[in-house]
Amino acid sequence: MTAMTQQRIWLWPWFVLGAVASASMAVAEELPFAEEAAIRAAVDRVAASVVRIETAGVSEAALASSAEVAPASGPSTGVVVEEGGWILATSFAVPQDAREAIVMLPSAAGSQRRVARVVGRDLSRGLVLLRIDESPPPVTEWVPRAELAVGQWTIAVGRAWDGAVPSVAVGILSATNRSWGRSVQTDASISPANYGGPLIDIRGRAIGILAPLPADTAGMNLGTELYDSGIGFAVPFEDMLRVLPRLKNGETLSPGVLGIGYSARDPFTGEARIATCRPGSPAAKAGLRAGDLIVAAEGRPVTRIAELRHVLAPRYAGDTVRLSVERAAGQAKSEQAKSEQAAPPSRIDVQVTLVKALPPWRRPILGIVPVRSAAREPRPGPVKVAWVWAGSPAAKAGIAAGDQIEAVVPPLAEGDTTGAGDAIPVDSASTLAGIVAGTDVGKTLGLVVDRDGKRQTLSIESVAMPTDLPGDLLEQIPPFAAAPAAGVAPAGDAVTVERLQAAEVAQPPLAVLPSVGSKEPLGVIVFLDVPRGPIDDAQAAEWKAAAARHGVAVILPGSVDPQRWGREDIGGIKRALATLATKRAIDPARIAVVGRGAGGAFAWLVAESLGPAVRGVALIDSALPRQATVEPAEPGRSRWVLFGAAADDAAADVSPRVEADRRRLDEAGSPAGTLPMGQGGRVPAATLAAWVEALGLL
Amino acid sequence: MIRHAGAIRAGLMMVICFMVGSSWMDGIASRAAAASPQETIAGAARKVVKIHGAGGVRGLEAYQTGLLVSPAGHVVTVMSTVLDADELSCVLDDGRRYRATMVGVDPRRELAVLSIEAEDLPAFTLAAGDPVPVGTRIFALSNLFGVAVGDERVSAQHGVVSALVPLEARRGSYEVPYRGDVYILDCTTNNPGSPGGAVIDWRGRLVGMLGKELRASGSGIWLNYAIPTAALNEGYAEIISGTASPAAPAGATASPGFDPAVLGLVLVPDLLDRTPPFIETVVADSPAARAGLRPDDLVIAVGGRSVASRAALQRALAALAAGDAVQLSVVRSGTIVECDLGPRPAAGRKR
């Protein structure tokens, strides 16, 4: 070996070093192209598994209901998930009433249409399992959920267009846990074109299946309005593979329902204390009951409702969930308990099997009307009875005005082995309302009542909520605070009439406010008459006496358009209620919306818009609006609905529709009553104000 | 001494080897990427002009974007109402403003060529060629919303080529005369002022030109698309040589009153919009009967294009001109059957 050869050998590293130094500078510039190549390679790996889905054989009505924003008639995408022709697509492309769909297989010789059968549906995630007789190659590689990281590349692959290669949208992973645990989020452009397609990583592995999944509610078509907004969702592939055997088996997977209502309204701040446990629900069958505080789910601590939702929302009907609750010791069981130091709450662990739907619910009552309490400052401690509904079980059992209800002994629930029979302490009217609402009609409750310092337990059998108003309602109800007695004309200063001024409200509604007992919480009537533009002070006159006698604030909004009530009027009404709440204490259990003529249908829309806050809706000479949704009654969301009809042509015109509406409401578990009208078809202001007082009925 | 000299020589050799290695690698790199993304954008933006013209009335914009395609000042842009002006001006990247004259239009591709009196301008090279692959990373350079004023550079956006498809294959109804393939872009380019903007790849090569603002009438979906360079090249050549077709090809004339019964086809009655397009009866000895259609067949496509509902079928049949071939795809007991009903009869209800 010569010296020269030796030299050449040791000079090589320097050549390499020089090359590397230069190459590393070049790499920075080459990175975008390397990424571009990687994106294309990733798409190539799944391209053969991405198919086009065409909606077929559906009705116009199904199309209209499945998509407000984008028509579902255009093609969409699906992804082959298993050998044997198994394809997942979205219910956007394959609406509920479609039994088959058309799959277009990509091929060199142009796309080929195939008929696919709908085998299974996942109603919780909005996905549909299809099957064709051929076996295109499935996606084989996927990313476990645990490996996902926000910020990583995501590529959305679609096949809505009849292109030779699938369509591509590129973004990053925006979040790994959305829709209460059911989806991951990306900023790639997601639209009907790639719904059903795979979201893949830079290596071509499937992250999830793109779907118009709403971030919150269980309804499936609310996600579509987010298309191309930098917000898109994908159901994790891992989650779908887990349920694939069930879908292949022809199952329809539904969201799992537990059957409880919470006392807190805000899921992010409120603790998971059970206000109502639906009779016959999985929660009731497992022995849970009102007053219990859920402290753990699947072994994970729960301090707020939201944490519980994260555990429950991804689960299907039929899935089980382990819950731990804390229950206050039953102090009413023994008379001494109250004087002793409160025993520590007991901890109960249960396993609950979630169901698809709860048995229908009818609102039960006892016949007790508690004294009013304000939203802001609920009265703590036992519930004081203001008056008792004549002829009700409570009246028969001897409950009287002035009694203090301290505790309730619930009926023994079916399968309850965890100590029902203990009394649940009552610390507010809403606690009592929750317990009553969770009692089956016909079941017997024990009420622990303090009357003049003496405690006794009275048994009361609950009955179904009455629908009609008794003829002597006005006599039954004690006058509000210092209101003048019935029949006596109110003094001029018993009410004030003022405008509820609010920012950005051009025509502030008129409000009739009782001026006496101003610290007592008020009931509220929003009265929506036939639209006629701005409201004038004279229209307040007919409400003054009723408002003063029953402690009801009456809000009289005008319509922005003199011809019709519109969307903008709803905003004004909401602001008026907010303004009223800053002036006076409001009883949240006594808010009603009343409408006449065209204002009647609008009253229903206002109530829908205000949500469960509205406890009563009365429609005079009006049916429900044609687009009305009638939700099944459930505790905390039930409404007392009344129809009133003046004996004239206008009332006769709507009566067939009112009859149909009554049937709908009855089927939904909230039968409507009849509003007795005033003389000459006048608005029965006094009856309506008394009804608002009666909305507090338990 | 000799050993010493050897050491120096060895040192020199090391340096030379390092430099040779380094420049060898540079040579490879420079063939691949000549410029950084920033330099690529800067280089291409010099070839993009801001066009100001008519408009400003009825909420229409008075500005759009154009591409310099010759050093002598030819500008290709999108044919639009902005160009319906007595005075047109182009503002270059350096702020120079020129009065522009209309050279000609290509109504089929909705292109226009303007000319400005200037020389030695930086320009894109239009050429025939294969389209870029789906997934290609792109920059879009345009005067979106007219925010680039005077010598301010046009705005740059980034994205990828999402698809290469015929424009008519888009979902919904987009009324455009252009029938060739377009790039669908994964990039929010559908903005006022963007039409005529440049779409380049990350090496600075012209991929296409941003099309006019398009929105599906039914769904409201905005469409981000670009006309490929090859189509621009054809249109430009036709305009310059004066051979552009003067009128857009006549589309099918819709006849909303068209009744499928003239084909011998009776659909299941549609009560309350709840009925899919099932065939109820086939009239004996009709085109439908001769094509082999049967009761209970579910129609899924007309002429290869899918129809999801009864109304969609009605629209698709109405969109065929008299004499067009009527081809229906139907589902019959789980399989697809193709039926050829022959030419569509003249519109009108059967007596």
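In the predicted model, the contact between helix 10 and helix 11 of chain A brings A:D569, A:I570, A:I573, A:K574 and A:L577 of helix 10 against A:F602, A:L605, A:V606, A:S609 and A:L610 of helix 11. Sorted by class, the residues of this contact comprise seven that are nonpolar, one that is polar and two that are charged. Two packed helices are described by the angle between their axes and the distance between the axes. Here helix 10, which spans residues 567-583 of chain A, and helix 11, which spans residues 598-610 of chain A, pack at an angle of about 60°, and their axes lie 11 Å apart. Helix 10 of chain A is therefore oblique to helix 11 of chain A, and the crossing of these two helices is right-handed.

Backbone geometry was also examined at two aspartates. Most residues other than glycine have a negative phi. A:D621, although not a glycine, has a positive phi of about 50°, and A:D621 is placed in the loop that runs between strand 33 (616-620) and strand 34 (640-644) of chain A. With a relative accessibility of 13%, A:D621 counts as buried, because the cut-off for that class is under 20%.

In chain B, a positive phi is found at B:D120, where the value is near 55° and the residue is again one other than glycine. B:D120 belongs to the loop between strand 6 (111-116) and strand 7 (137-142) of chain B. The relative accessible area of B:D120 is 71%, and this residue is therefore exposed.

Note on methods: Residues are numbered from 1 along each chain as its sequence is written. Chains are lettered from A and ligands numbered from 1 in the order in which they are written. This is a predicted model: local features need pLDDT of at least 70, side-chain atom pairs count only at pLDDT 80 or more; totals for chains, interfaces and linings use all residues. Side-chain values use heavy atoms; hydrogens and water are left out. Axes are lines fitted to C-alpha atoms, for helices over the stretch in contact, and angles run from 0 to 180 degrees between N-to-C directions. Helices (H or I, at least four residues) and strands (E, at least two) are DSSP runs, numbered from the N terminus. Angles under 35 degrees count as roughly parallel, over 145 as roughly antiparallel, 65 to 115 as roughly perpendicular and the rest as oblique. A crossing is left-handed if the near helix is turned anticlockwise from the far one by less than a right angle, and right-handed if clockwise. Contact means heavy atoms within 4.5 Å. Ala, Val, Leu, Ile, Met, Phe, Trp, Tyr, Cys and Pro count as nonpolar, Asp, Glu, Lys and Arg as charged, and the others, Gly among them, as polar. Buried means under 20% relative accessible area, exposed over 50%, partly exposed in between (1.4 Å probe, protein chains only).
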